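Please look over the notes below with the model open. They cover the sheet and the helices around it.

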Amino acid sequence: MLKFRTLFLCAMLMVGAAGAEEPAHPHQPDMNHGLAPVGATPPTEGGQSAFAAIQEIVLLLEANPETDWSKVNIESLRQHLIDMDNVTLRTAFAATQTGNSLLFTVTGEGDVVSSIQRMVAGHVMTMNGVEGWTFTSTRIDRGATMTVTPPDQVAMLRLKALGFIGIMSRGMHHQQHHLAIATGVGEHE
């Protein structure tokens, strides 16, 4: 196994050295850093999901000549992404079926509590009524509850399979919400 790793590393270094060229323009940095052959698809991931989300929004803002830079607030977007990270990775939750609904009790400690309260309330406001689903939420001492009532029993099976974080991820509104936060249109509460 060690021989294979050594051979693989040597091969990768040779590919990088073979593909190294001078930048096309003397004042432009070699963004390829000689690591991939010219013409190969360059990496696109920003390296960390919150950083990549911010980078995506910054690129959109810079590409738009209509951007009102006096309203742009990237720090507000960063705070929202911290909330998303907290809710995704630092919460405990339990699900209880009550009739045709599923009640999620979501709790955390410290700063995570306010992240839960903001994220759950925001998701409920955005998704209530979409595709016949009903959402309500209530703040509790260590977080929030979210009651979700799907339109039918088939959707209830999907809801149970998705669980709390799966239902929080539903709806492709997140990307537009990030742009709205960054441009001062959608406040991060």
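1. H5 lies across E1, E2, E3 and E4, at about 20 degrees to E2. Axes are lines fitted to C-alpha atoms, for helices over the stretch in contact (heavy atoms within 4.5 Å), and angles run from 0 to 180 degrees between N-to-C directions. Helices (H or I, at least four residues) and strands (E, at least two) are DSSP runs, numbered from the N terminus.

2. This is a predicted model: local features need pLDDT of at least 70, side-chain atom pairs count only at pLDDT 80 or more, and totals for chains, interfaces and linings use all residues. Residues are numbered from 1 along each chain as its sequence is written, and side-chain values use heavy atoms, with hydrogens and water left out.

3. The open sheet has four strands in the order E1-E2-E4-E3, with antiparallel pairing (two strands pair if DSSP finds at least two bridges between them). E1 (92-98) and E3 (134-140) are at the edges with a single partner strand each, so one side of each has no neighbour in the sheet. Neighbouring strands are turned by 15 degrees against each other on average, direction ignored.

4. Seven bridges join E3 and E4 (residues 143-149) in the antiparallel sense. Arg139 stands opposite Ala144 in E4.
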